[in-house]
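I opened my notebook to look up a few side chains and how they pair. My entries follow.

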Amino acid sequence: MATKNYVEPDMVDTQQFDWGTLKWMCTPDVTGADRLSAGVVQLEPGKGHELHTHPDSEEILYVVHGRGEQEVEGDTREITPGEMVYIPAGVEHGTVNTGWETLTLLAVYAPPGPEDVLAELPECTIIPAGEIPERD
């Protein structure tokens, strides 16, 4: 695959869950990257996802907007814009939006792969590139 250096949001699918959305802007399929994947996560107010692990990938979460509660390996704390959270491979973690605005995070996996696992979950709806997800 040819390298794609610039990716706009309407060029990629959206993964929609009951807690919010994910837009994977950098994956092997989208950009040709082979050592990482990166996407924008939007958690709706009061929503979050259950504790989970990524057995083979490290993850970083960078808080772009909003506020939330992050748990990593049993340690829970408030997260706010400008903070970065590092999650080692195989470590249990989860995020909850504790604010009234959408919590926006940049998520990065190294190596890539968990984004494909998320797409296969039964609670994931794939919204095609260019279409706007409906909100409840």
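**Entry 1: salt bridges.** I started with Arg77, which forms a salt bridge with Glu83; their closest N and O atoms are 2.8 Å apart. I noted the rule: a side-chain nitrogen of Lys or Arg must lie within 4 Å of a carboxyl oxygen of Asp or Glu. Arg77 counts as partly exposed, because its relative accessibility is 48%. My cut-offs here: buried is under 20% relative accessible area, exposed is over 50%, and partly exposed is in between (1.4 Å probe, protein chains only).

Before going on, I wrote down the ground rules. This is a predicted model, where local features need pLDDT of at least 70, side-chain atom pairs count only at pLDDT 80 or more, and totals for chains, interfaces and linings use all residues. Residues are numbered from 1 along each chain as its sequence is written, and side-chain values use heavy atoms, with hydrogens and water left out.

How many salt bridges does the structure hold? I found two. Glu78 forms one with Arg67, with the closest N and O atoms 2.6 Å apart. Glu78 sits in strand 6 (residues 75-79) and Arg67 in the loop between strand 4 and strand 5 (68-72), so this pair ties together parts 11 residues apart in sequence. Strands here are DSSP runs (E, at least two residues), numbered from the N terminus. Glu78 is partly exposed at 43% relative accessible area. Arg67 is partly exposed too, at 38%.

**Entry 2: aromatic pairs.** I searched the whole structure and got two aromatic pairs. One is Phe17 with Trp19: the ring centres are 4.8 Å apart and the planes at 5°, so the pair is stacked. The cut-offs: rings of Phe, Tyr and Trp (its six-membered ring) pair if their centres lie within 6.5 Å; planes under 30 degrees apart are stacked, over 60 edge-to-face, and the rest tilted. Phe17 and Trp19 are both buried.

**Entry 3: Thr95.** I found Thr95 in strand 8 (residues 93-97). Is Thr95 buried or exposed? Thr95 counts as buried, at 1% relative accessibility. Its side chain joins that of Gln70 in a polar contact of 2.6 Å. That term means a pair of N or O atoms within 3.5 Å; within protein, one must be able to donate a hydrogen and the other to accept it, and residues adjacent in sequence count only if both atoms are side-chain atoms.

**Entry 4: Tyr62.** I placed Tyr62 in strand 4 (residues 58-65). Tyr62 counts as partly exposed, at 33% relative accessibility.

Definitions and conventions:
Helices (H or I, at least four residues) and strands (E, at least two) are DSSP runs, numbered from the N terminus.
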